[in-house]
Amino acid sequence: MDRPAPIAPGRALNPRRLGAHLVGDGIDVAVHAARANRVDLCLVDVADDGSLTERRYRLRGPVTGIWHGHVPGVRAGQRYGFRVHGHWDPTVGLLHNPAKLLLDPYARAVTGQARVVPAIYSHTVDRYRAPLDGRTSADRTDSAPFVPHGVVMDAVSPAVAAPRVPWCQTVLYEAHVRGLTMRLPGVPADLRGTYAGLAHPATIAHLLGLGITTVELLPIHASMSEPFLTDKGLTNYWGYNTLGFFAPEPRYATRAAQDAGPRAVLDEVRAMVGGLHAAGLEVVLDVVYNHTSEAGADGPTLSLRGLDNTGYYLHDGSSPARLADVTGTGNSLDFRRTRVVQLALDSLRYWAGEIGVDGFRFDLAVTLGRNGAEFTPYHPFLVAMATDPVLNQTKLIAEPWDLGPGGWRTGQFPAPMADWNDRFRNAARTFWLSDAAAQSKGTTGRDLRELATRMSGSADLFGLGEVPGGRGPLASINFVTAHDGFTLADLVTYDHKHNEDNLEGNRDGTDDNRSWNHGVEGPVPRDSPFAAVLPVRRRSMRNLLGTLLLSAGTPMLTAGDEIGRSQDGNNNAYCQDDEVSWVDWSPVPWREDMCATTEYLLRLRREHPVLHPTRFASGRPADGDDLPDLAWFDATGSAMTTQQWHDPHHRVLQMLRSGRPVDDSDALIILNGSLDQQPVALTPGRGRDYELVWDSAWERPEYSRNEVDHDPLSMVASPGETVTMESLSMRLYLARP
């Protein structure tokens, strides 16, 4: 692989502009490989029989670690990669091997898939791909036929204007491009599971009808399945194994776009974003900058590892050199390095500025704020995003943990970021499920302090920071479920995970589910002797939905939860690209009722600003008000005492929010977390009547209207009046003006 190559005919106009860009009569190319002795640009051509030939040009440099050049005669659609020459010394982390064709980290498109064969490893391996000689020997087999190639792309037109939904109106909907539409009625067969299918009118109609404002997509960056999954005949369905940070994943494009080539794939992605924008919907991308698909030291060499292993990846400083893994994937990108920070920022600006997406959810975001072992909210990468004129106008959401030391950092990211609030998830599940399960076995659960703190916006987590009052309650991304973990339906159906289909002996996935099967594990037919648990399970689902959508904070729904989607108890379906993961839209009456409930709750939240406060409550009346902005009461309508807050046997709670500061009705939310019906004396409030607008005991919101038609006064209660709450239920009352 070390054959001579002519030097690139010209210099890049701007050597600091990394990647391959059409300029004048050809392309400018620049790549960072600080420890290399030579870098060759390889223009790859494919013959009719599939064989590959290369035209190589030695790049100029290095200039501050960057190799660059201009090559005339190159047009859009050209495949390319790099071969890097330099020292091979694994003991100090140097893994330069020109036999390996490397993907440009800045490639705007990729073509082909990695084949899991020994040739894609830079060190010698046996036929089972186990390393030989302690990874000290370089493998000299050409990897070009077995790895993805970058593709030169021409410029794109300006992105379509975004809806810019305010945080106070935002409702997130986490979805997988493929899983959302594979079985969605109304989407044509050739569009199902694709970018185009996501923007189809049938998909948009469901999202708008539900009340969603912002679609949060699982990763659509080009990715690769882990070799151990490929060996089992499985794939990485979720896509959290990034191959390229600029290129879209081709397998989510329609077959027509894939056949037409990378530009058609990119156009389909942009059309998806534009179509959702035209409907008033935002698009947030789940992005994985914490690690790459090159895995641990035994993993393949596809891009960064061959360009500059020690410059891109976090090492622990030992000798021999050893990767530091704070992500659980084998490698972690080193955000102490200027070029790593630049790579992430350039990628984000590209997707926001040229593709037009509206925000990003950062997977394992603590890794992105680490100076080696230590996390800091003032990390240069986080500061750069907060001050960047493009990025600080987008929605920035942290998954505020990783697997390294001190990895749990919920509430500690800087403005304007928001954080996934796992404490909210745990509190809601604990109160409605694991505590209820404990009661059913004659024991007690936890007291009410944690749940009340989460429902009121998590001021203990988000009330601190550089600005007085912190980031406010809307910085808390409240969720009960997400892509990983049980679905909403499975939370009330299974006590234990059932991940056997993952072929890992059911060892994968969390055991901290805080779920409750209500006495029977798994599905229960309607004609079963155990069918009595079904209504209770459905009520538990409505309780979780109500807690999510009526709490202070920004709610996030997981696709399919609105219709009770199940994954058959699999709480880690990352490798299940089949009916286990795809949303089942089959019309079933109880699922239609659940969807109607979700729509109704979201409409209430949208129409009543009292249900989505923008500031933390003080517990005192605002100016011009005679009612505290937030107050808590027990079942007798009296203010909660310190003893009651600490008593795990106390399972009834009333939360009263004043609506006067936002020119709205007062909202009274009542929770009954006991297994018995409970009499509740409504707190006096302003002395005005309350109207019951939702009860989780209702299978469908329309049931309440039937009662009103029969007896209009049945939905109205006076202050101090005693009402009877069903076991394990919650209610929302609004005080009449």
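## Basis of the report

Helices (H or I, at least four residues) and strands (E, at least two) are DSSP runs, numbered from the N terminus. This is a predicted model, in which local features need pLDDT of at least 70 and side-chain atom pairs count only at pLDDT 80 or more, while totals for chains, interfaces and linings use all residues. Residues are numbered from 1 along each chain as its sequence is written, and side-chain values use heavy atoms, with hydrogens and water left out.

## Two residues with positive phi

Arg 135 lies in the loop between strand 10 and strand 11. Its phi is near 65 degrees, a positive value in a residue other than glycine. Asp 133 is placed in the loop between strand 10 (110–111) and strand 11 (149–151), and its phi, near 55 degrees, is also a positive value in a residue other than glycine.

Asp 133 counts as exposed because its relative accessibility is 54%. Arg 135, at 29% relative accessibility, counts as partly exposed.

## Strand 3 and its partners

Two strands pair if DSSP finds at least two bridges between them. Strand 3 (residues 38–46) is joined to strand 7 (residues 79–85) by 7 bridges, and the two run antiparallel. Within this pairing, Val 44 stands opposite Arg 79 in strand 7. Strand 3 is also joined by 7 bridges to strand 4 (residues 52–58), again in an antiparallel arrangement. Here Asp 45 stands opposite Thr 53 in strand 4.

Strand 3 and strand 4 form a hairpin with 5 residues between them, and Gly 50 in the turn has a positive phi of about 90 degrees. Strand 3 is mostly covered, since 7 of its 9 residues are buried.

Helix 14 (residues 533–550) has 18 residues and reaches 25 Å from its first C-alpha to its last. This is close to the 26 Å expected at 1.5 Å a residue, where the expected span is 1.5 Å times one less than the number of residues. Helix 14 is mostly covered, with 16 of its 18 residues buried.

Glu 607 belongs to helix 15 (residues 589–607). Glu 607 is partly exposed, because its relative accessible area is 44%. The C-alpha atoms of Glu 607 and Val 71 are separated by 59 Å, and these residues are 536 apart along the chain.

On a 1 Å grid over the protein atoms alone, a cavity is a set of points where a 1.4 Å probe fits but cannot get out, and lining residues have an atom within 4 Å of a point. Grid points are joined across faces, edges and corners, and a volume is the space filled by probe spheres set on the points. The structure holds 7 cavities of 30 Å³ or more. The largest cavity contains about 140 Å³ of space. It is lined by 16 residues, of which the closest to its centre are His 176, Tyr 237, His 483, Arg 565 and Ser 581. Strand 12 (172–175) and helix 1 (177–181) are the elements that give two or more residues to this lining. For the classes, Ala, Val, Leu, Ile, Met, Phe, Trp, Tyr, Cys and Pro count as nonpolar, Asp, Glu, Lys and Arg as charged, and the others, Gly among them, as polar. The lining of the largest cavity has 8 nonpolar, 6 polar and 2 charged residues.

The second largest cavity holds about 70 Å³ of space. Its lining includes Pro 105, Phe 245, Thr 292, Glu 294 and Leu 304. Strand 15 (residues 242–248) gives the most to this lining, with 4 residues. By class, the lining of the second largest cavity divides into 5 nonpolar, 5 polar and 1 charged.

## Cis peptide bonds and cysteines

The peptide bond from Ser 319 to Pro 320 is cis, with omega near 5 degrees. Pro 320 is located in the loop between helix 7 (304–312) and helix 8 (338–355). The bond from Ala 415 to Pro 416 is cis as well, with omega near 10 degrees, and Pro 416 is found in the loop between strand 20 (395–398) and strand 21 (418–421).

A disulfide is a pair of cysteine sulfur atoms within 2.5 Å. A search of the whole structure finds 0 disulfides. Cys 575 is buried, with a relative accessible area of 2%, and Cys 595 is buried, with a relative accessible area of 10%.

Terms used: On a 1 Å grid over the protein atoms alone, a cavity is a set of points where a 1.4 Å probe fits but cannot get out, and a pocket is an open set with protein on both sides within 12 Å along at least five of seven lines; lining residues have an atom within 4 Å of a point. Buried means under 20% relative accessible area, exposed over 50%, partly exposed in between (1.4 Å probe, protein chains only).
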